[in-house]
Amino acid sequence: MRAFRPRAVLGRTAASDCILRPHSLPIPSSSARAASHLRRRGFIQSQSPICASGFPRSLSIDRKAPRPPPFAFAFDIDGVLLHVAKPIPGATQTLEYLQKHNIPFILLTNGGGKHETDRVTDLSSRLGVPLSTDNFVQSHTPFQELVDGGPDGEEGLRDKNVLVTGSDAAKCRAIAERYGFRHVIIPADILAAHPTVWPFEPLLAEVYAAQARPLPEPQPKIDAVLVFNDPRDWALDIQLITDLLQSRGGVLGTYSPLNGRADLDNAGWQRDGQPKLYFSNPDLLWSAAYHLPRFGQGAFQAALAGVWDQVTGGAAPLRRTVIGKPHARTYAYAERVLDAHRRAVVLGPGDGNNKQENLEPLRTVYMVGDNPASDIRGANGYRSANGATSWDSVLVRTGVWDPERGGKPAHEPTAVADDVRHAVRWALEREGWDGGGLEG
């Protein structure tokens, strides 16, 4: 692990020409089809003036800069670029520098709760930098793959019933529907249809009453449970999820006769067609306004797992799929998005296969984060399927990790830097680039 010490560097300039304007996130299989794919899906805004490459004009990629380097960056957001919704000093300057010099980057966060287009609009405003969803991945973005079938062979859920929860379940339902899920149920729907499912005074009774929709049938079959971000009513959510994990075939209000059978795999628990359980991130802690880190979705997951352990008598660990950093599934998804973004933005559509083949492979991605347990651990452990791209980690001192409180990080980064600006300068110098414009 290296601690970065800045040194003086020479400046560099370039002029701006044309880039992508923010749009919603497809993952094009080749840059030659990218623009037509975006127009067909309605993601490129028709009012944006189109430059010669076929993409809308904006202010963030420098077409006259040198060819893109064989390295790129991935940035966490909270604790790296923003703190309590305000830019961390140097964050805006760093992103502007990368955009000006045509250095690809992706925003990779375990945050969520808003649709990608809404979140990017908000981030662009707060950071004062034009951003796009084509290089943005938040915790639940990979849930989009579950609509038509996941990368691990999961059956598509487009026309299945899914239970969705999060900080605002109604907003999470709206996001899921925009992803393509057609039959989305939230806890409020179940509580409204079956008030006795929760024999206590609901903490959010008025909210639930306003959010509830009729169930598709009195006892619907639920095929998956998706935790989009940090739930607020842990007690109700844990009760409903536990009920479904004990059900017969995922049917609400039933109980499987296989539960507890010692002669079966997992003692019969979660072996009778119960819904698959997905969490969008494992973060136990995150950096918020309070001076000490606060509980995140990982704390809710731990609480549910603890209750499940009591229900099953410790005979069956909770079976679930967890994505988000540090899990490889999210890093693989992010790498595909980054590669598509790099090709589509740098090469543009219609450039032909020869030019695509001449694009130097992405050699290194620098993951800049504030959380050793997610950002650093994930980058250190991820192995790219293409065999050519490696991920290195840079830990900053502006977020969750505090050496005075936590001591040496549990997962050692490639380097430690004071903030995102110094992290990027260290990486640029390591790659033989100057960092002019990132002094400070």
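The legends below describe close-up views of a predicted model.

In this predicted model, local features require pLDDT of at least 70 and side-chain atom pairs count only at pLDDT 80 or more, whereas totals for chains, interfaces and linings use all residues. Residues are numbered from 1 along each chain as its sequence is written, and side-chain values use heavy atoms, with hydrogens and water left out.

**View 1. Strand β7 and its cover.** Strand β7 spans residues 161–165, where strands (E, at least two residues) and helices (H or I, at least four) are DSSP runs numbered from the N terminus. Five of the five residues of β7 are buried, buried meaning under 20% relative accessible area, exposed over 50% and partly exposed in between, with a 1.4 Å probe and protein chains only. In a regular strand the side chains alternate between the two faces of the sheet. Here both faces are covered, with Asn161, Leu163 and Thr165 buried on one side and Val162 and Val164 buried on the other.

**View 2. The parallel partners of β7.** Strand β8 (residues 183–185) runs parallel to β7 and is joined to it by three bridges, pairing being assigned if DSSP finds at least two bridges between two strands; within this pair, Val162 stands opposite Val184 of β8. Strand β9 (residues 224–227) also pairs with β7 in the parallel sense, over four bridges, and Leu163 stands opposite Val225 of β9. Together with helix α4 (residues 169–179), β7 and β8 make a right-handed β-α-β unit, right-handed meaning that, with the strands pointing away from the viewer, the path from the first strand over the helix to the second runs clockwise.

View 3. Asn266, in the loop between α7 (234–245) and β10 (276–279), has a positive phi near 60° although it is a residue other than glycine. Gln270, placed in the loop between α7 and β10, is likewise not a glycine and has a positive phi of about 55°. Asn266 counts as buried because its relative accessibility is 11%, and Gln270 counts as buried because its relative accessibility is 14%.

View 4. The peptide bond joining Lys325 and Pro326 is cis, with omega about 15°. Pro326 is found in the loop between β13 (321–322) and α9 (328–347).

**View 5. Leu203 in its loop.** Leu203 lies in the loop between α5 (187–193) and α6 (205–211), and Leu203 counts as exposed because its relative accessibility is 71%.
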